[in-house]
Amino acid sequence: MKKHVEDQIKNAIETWDEKPADLGLDKDLVWNTIAAVQPKIQDQINWYKVSVAVVLLLLTWGWGNTYFANRLLQNEKNVMANNIQNLSLEINKMQQSKKELKKSEEIKTDTIIKVINIANESSEHKVLLQNKQQLEQKNNALLAENSNLLAQLSAINKQHLLLTDSLIVLAKSVKKEASTQLSTSSNICKDLALQVNEEALALLTEQSKEKLNTAPTHKKKFEIVLFNKSESYTSEAPAKTGITF
Amino acid sequence: MYSDYLYRICFRYLCNRDDAHDALSQSFLNIFNKISETDIQEEVVLKAWMKRIAINQSLMQLRKRKMFFMELDLIEEIEESPLTTDGSLLEDDLVNMVLSLPDGYRTVFSLYVIEGYKHDEIAQKLGITASTSKSQLRKARLQLKGMIEKLDVSYETSH
């Protein structure tokens with residue numbers, strides 16, 4: 001569509017709009033409609049007023065609430081400020097007492113130093129200190145010796161225990177040997193024949209008589225010969241005096 | 001004083017007397033309520049302001065019609081060709097042609113060609129997209145072209 005056609009249409013419509021001829025407008029209907037709508041506006045205004053009043057009430061309530069809350073907070077703040085003041089006073093007091101304590105401690109150390117100075121100056125105390133030192137040295141030496149002795153004692157105890165153990169083992173072995181000997185002797189008992197060298201026995205008896213008066217000049221063997229079917233045993237142990245059969 | 005003028009505007013958009021009456025009544029109510037807030041002193045400005053109120057009220061009335069937007073969506077795309085007229089057409093014929101357009105076409109055409117709104121503004125006023133406004137305008141032009149051609153033919157045959 002060309003521009004001039006649109007312009008033509010636009011002009012036609014604008015002219016039509018401005019025409020005074022009636023197009024069926026019922027002015028009474030329009031005014032009646034407007035009059036009927038007016039109360040609605042009044043209602044709207046009333047509702048508007050009510051809503052405003054409600055909002056004002058809410059705002060007032062909120063303001064009052066915040067005011068009271070603010071007052072409470074103010075009171076709490078005052079209480080807290082008082083507490084803070086009290087605490088600061090207490091802290092100051094504690095700091096002062098701490099300083100005093102420090103001062104008193106310093107004084108004590110001074111007095112101790114003085115006492116030590118006085119002790120050094122006195123000769124009696126020096127002697128006593130020397131004696132004390134000597135005694136301590138002796139005591140230490142004694143303690144060292146005591147510990148050495150205890151160590152030795154424990155070593156001896158250990159050796160004693162070892163010896164007793166070996167003796168017990170020896171006794172056991174002797175017993176065992178004896179029992180074996182007895183068993184072997186019982187086996188050979190049947191074919192046992194005892195030959196006694198009577199001369200030697202007579203000599204032995206004589207010697208025993210002589211021993212009562214004179215010392216022995218020479219030793220003579222007492223031979224016991226045990227005959228077995230298979231072997232013969234000869235005991236060459238020194239004969240004990242006073243053996244009787 | 002302005003009731004005829006405003007009624008014609010409302011009627012041009014609504015094409016219905018009852019709806020135009022309602023729109024005019026509501027427009028006057030709006031004018032009475034808001035005139036105290038303005039500082040209009042010239043008659044031309046006052047007339048234009050009242051016209052704008054009447055158009056807006058008519059559009060609000062128009063948007064209540066359920067079919068209005070459906071019409072906007074359902075019309076098919078048609079190729080546009082230049083429209084020419086020999087200038088012999090009567091003003092009443094042109095007005096009747098515009099008034100005989102469907103609601104959607106007529107509204108967009110009136111807002112764009114007669115009131116001078118841009119597509120973005122039309123889209124905002126009608127709650128549609130700018131592209132829809134453009135397509136509606138194109139279709140309105142095509143339909144008007146057809147009507148003008150028919151009218152030219154009838155004039156030729158009658159003469």
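Modeller: H3(B) and H6(B) are roughly antiparallel to each other, a term for angles over 145 degrees. This is a predicted model, where local features need pLDDT of at least 70, side-chain atom pairs count only at pLDDT 80 or more, and totals for chains, interfaces and linings use all residues. Residues are numbered from 1 along each chain as written, chains are lettered from A and ligands numbered from 1 in the order written, and side-chain values use heavy atoms, without hydrogens and water.

Biologist: At what angle do helix H3 and helix H6 of chain B pack?

Modeller: Axes are lines fitted to C-alpha atoms, for helices over the stretch in contact, and angles run from 0 to 180 degrees between N-to-C directions. Helices are DSSP runs of H or I, at least four residues, numbered from the N terminus. Here H3 (residues 43-64) and H6 (residues 103-114) of chain B pack at about 160 degrees, with axes 12 Å apart.

Biologist: Which residues of H3(B) and H6(B) meet?

Modeller: Contact means heavy atoms within 4.5 Å. From H3(B), B:Ile55, B:Leu59 and B:Leu62 meet B:Asp103, B:Arg106, B:Thr107 and B:Leu111 of H6(B).

Biologist: Is B:Lys51 buried or exposed?

Modeller: Buried means under 20% relative accessible area, exposed over 50%, partly exposed in between (1.4 Å probe, protein chains only). B:Lys51, in helix H3 of chain B, counts as buried because its relative accessibility is 15%. Leaving out residues up to four places away in sequence, B:Lys51 touches B:Tyr5, B:Leu6, B:Ile9 and B:Glu115.

Conventions. Helices (H or I, at least four residues) and strands (E, at least two) are DSSP runs, numbered from the N terminus. Angles under 35 degrees count as roughly parallel, over 145 as roughly antiparallel, 65 to 115 as roughly perpendicular and the rest as oblique.
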